[in-house]
Amino acid sequence: MLSTPQNQIPSSLLSEGRAMWQALVTDFADWAEVVTPIDPRFGLPGIDLVADVPDVVRCVALELAETVCEQWLRLAKKCDVAILVAPETDGELARLVAAFRDADIDVLAVDEPTLQMASDKWLTAKWMTEHAIPTPLTWSNKDSSTDELKRQSSRLGSVGLTANRWVRKPRDGCGSEAIRVFDDWELACSALQDNQVAQAWIEGRPASILVVGEAKNAIAEPVICPAVWQHCQWRNDDTAADNQSAGRSTHYTGGSGPIDIELQSRGFKLAKQVLQALSASPRGFLGIDFVLGDRPEDDCVIEINPRLTTSYIGVRHLTDQNLTSIWNPSLITGQAEASFSFRTGSNQVRWTTSGEFQTDRKSSSDC
């Protein structure tokens, strides 16, 4: 967004991006030398707290006259590995990852088929339906008419046949930008654009699981982090009763976790279904968003995020380990396969999208 006026950058994207940046740089700097490009228009408070040894983090201010990708590539070619956190919007994340791989740079990112599928919510719904992964009924303008949509609704998605609300959102959106919720199915679909999907609203509690994927010739199995709750709120400026045709909007405010043990197993089951269906074991970060209903049969996967998600802000505090150490080459034992033991406990953590967190420290255990 170097060409976007500063006052036009969505505050939610800015705060979440800054918080994820702070967390990533802090964790990688614990065992590696970090090079991080920064936008010169923004101060990045706390950079002096990123590492005990300040010289392991080198911040490079981007030149406003050059393209971001060219500058990132120039810096990354001097590094051993790169990680990209970017929105899927307009294919931005996929283009960046492709550019890095074309330049023969080792990128901590999922494979191309997974990236393409997870970057498009319509393709995600189709993929999950094909692999018998429970997901909400989903509609798109790829079908010819609303009547056709109704006849074919069972083909895409399996949960939400008795839904009382419907969601309209961008096919390639990130965060909670441009999401609208309707009490009427016809209204949700009447103004559906080609770059949007409509989904059944699933009653239950939204949650997510972050997966930390393997490194080359190192950790053999991806680490499935504990499931955590997602906290969402209706926007205060909505007047749905007066203007139902426009729908209501909701936004993500942070999260908490880990969730209860019984529900944890239900979330883990959904995550395993997703991982087993992927074309390749994921590298880097993968986020799985789901809803846990009143009954296990109402549980379903909502979205798959082919990148780091904001939940990392809190998940990293559920363990006394450094999650990025899965990629630390000094931990490679020389064995064909190595394992990573994620130590977690009954610590309860609550966080906001700006990176603030609170921890209730108790006992720890291995899992």
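1. In strand S8, which covers residues 223-224, Ile224 stands opposite Val211, and this facing pair belongs to an antiparallel pairing of S7 with S8 that rests on two bridges. The model under discussion is a predicted one, and the points below should be read with that in mind.

2. Strand S7 also pairs with strand S9, residues 228-234, again in the antiparallel sense and over two bridges; here Ser208 is the residue that stands opposite Val228 in S9.

3. How many bridges join S7 to S11? There are eight, and the two strands run antiparallel, with Ile209 standing opposite Ile288 in S11. S7 is mostly covered, since six of its eight residues are buried.

4. In soluble globular proteins, nonpolar side chains tend to be buried together. In this model the largest nonpolar core holds 40 residues, and those with the most contacts inside it are Phe100, Trp127, Phe290, Val301 and Ile304. Several elements each supply at least two residues of this core, among them strand S7 (205-212), strand S11 (285-292), strand S12 (300-305) and helix H8 (261-277). The largest share, six residues, comes from H8.

5. Which residues does Ile304 touch, if those up to four places away in sequence are not counted? The list consists of Met117, Ala118, Thr124, Trp127, Met128, Val274, Leu286 and Gly287, and Trp127 is, like Ile304 itself, among the residues with the most contacts inside the largest core.

Technical notes. Residues numbered from 1 in each chain as written. Predicted model: local features only at pLDDT ≥ 70, side-chain atom pairs only at ≥ 80, totals over all residues. Heavy atoms only, no water. Core = buried A, V, L, I, M, F, W, Y, C linked by side-chain atoms within 4.5 Å. Buried < 20%, exposed > 50% of the residue type's maximum accessible area, 1.4 Å probe, protein only. Helix = DSSP H or I, 4+ residues; strand = E, 2+ residues; numbered from the N terminus. Contact = heavy atoms within 4.5 Å. Pairing = 2+ DSSP bridges.
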